[in-house]
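Let's take a walk through this structure together, starting on the inside and then turning to the charged side chains.

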Amino acid sequence: MDTETDALTDVAGLRVGHATRAGGGWLTGTTVVLAPEGGAVAAVDVRGGGPGTKETDALDPRNLVRTVEAVVLTGGSAYGLDSASGVMAWLEERGRGVRVGPDPGHVVPVVPTACVFDLGRGGDFGARPDASTGRAAVEAAAGPEGTVVAQGCVGAGTGAVVGALRGGVGTASTVLGSGITVGALVVANAAGSAVDPATGALYGEFWQGRRVAYPAAEVHEAARRRLEEAAARRTAPPLNTTLAVVATDAALSKAQARKVAGTAHDGIARAVRPVHLLNDGDTVFALATGARPLPEGDPLALNEVLAAGADLVTRAIVRAVRAARSHKGPGGDWPSYGELYGSAF
């Protein structure tokens, strides 16, 4: 069943914060997923051909670090990875990280980070996230408990596009029959399209177990013409990347968490076509807080978490595309799905 708030933060202890920069040449931002104090077991799976990442090697199950205190998703391409330093500083000030000395303050926060390409989409190629943006995002994440996770063109999704449409941030969650909670947060910024070119329906809605509402033929034809006009005025290269964090309150090993991250890529493939291209850097992180053990005596108990993670990524991409707002400026003309097809579909 879906949870009440239907967001990644339904996994108890996780927080999400956005820092958004829009206007005056800016169209970018940073999103931080903050783990409970003490960290969460973490893993990653990178499938895109052009990733921009930091500290992902630390998440290999063969390596030392088992838990992390935060994950950073950011705009700004590789330049935006600098936003992680602001998050590291915030964590260090609170003594949160890997202990490396006798003093409680002797810590090194391991902050896995991945970026999307949005350079120049606000008009200024040099307007990109930095350490101050990362600090603003983690401070937002540490704000009042129960804060609704904003979706659409916010945080790392501020300058996102999916194919020819605006993308953004989306999130979703569910509670499994075992009582385990699984959630996902996605930054949808793909080179591929989220829309079936024959009908205008969203690919991801084919997989959601309910009847797909297809746009009227004349609405789809008008949308097609609008997209062609917008594309003719665009000069930016199709460099993108979809990022996701899939989290659960289940107790998982790093190897199990890595399996969750890998299977979750199927959720991207259901909602975007084509996917995992050379000019994408598609990356999925997995977090496990360990509050609930997997059902004992069942060697396949992880399967329901794997299936849920992929399904939630698909649904989060759909929500990101539906929540996005159109943008027209010096960095390009990017219509939203809602502008073209209306909220009824």
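What follows covers the nonpolar cores and then some of the salt bridges.

Keep in mind that this is a predicted model. In soluble globular proteins, nonpolar side chains tend to be buried together. Here, the largest nonpolar core has 47 residues, and those with the most contacts inside it include Val 182, Val 260, Leu 294 and Val 305. Among the elements that each supply at least two residues of this core are strand E13 (181-188), helix H4 (254-271) and strand E15 (283-292). The largest share, 10 residues, comes from H5. A second, separate core of 30 residues includes Val 16, Ala 35, Ala 40 and Leu 59.

Now for the charges: the structure holds 17 salt bridges. One of them joins Glu 205 and Arg 322, with the closest N and O atoms 2.8 Å apart. Glu 205 lies in the loop between E13 and H3 while Arg 322 lies in helix H5, so this pair ties together parts that are 117 residues apart in sequence. Glu 205 counts as buried at 11% relative accessibility, whereas Arg 322, at 28%, is partly exposed.

A salt bridge also links Arg 226 and Glu 339 (3.2 Å, N to O). Because Arg 226 lies in helix H3 and Glu 339 in helix H6, that pair ties together parts 113 residues apart in sequence.

Finally, Arg 135 forms a salt bridge with Glu 139; the two are 4 residues apart in helix H2, which means about one helical turn separates them.

Methods. Residues numbered from 1 in each chain as written. Predicted model: local features only at pLDDT ≥ 70, side-chain atom pairs only at ≥ 80, totals over all residues. Heavy atoms only, no water. Core = buried A, V, L, I, M, F, W, Y, C linked by side-chain atoms within 4.5 Å. Buried < 20%, exposed > 50% of the residue type's maximum accessible area, 1.4 Å probe, protein only. Salt bridge = Lys/Arg side-chain N within 4 Å of Asp/Glu carboxyl O.
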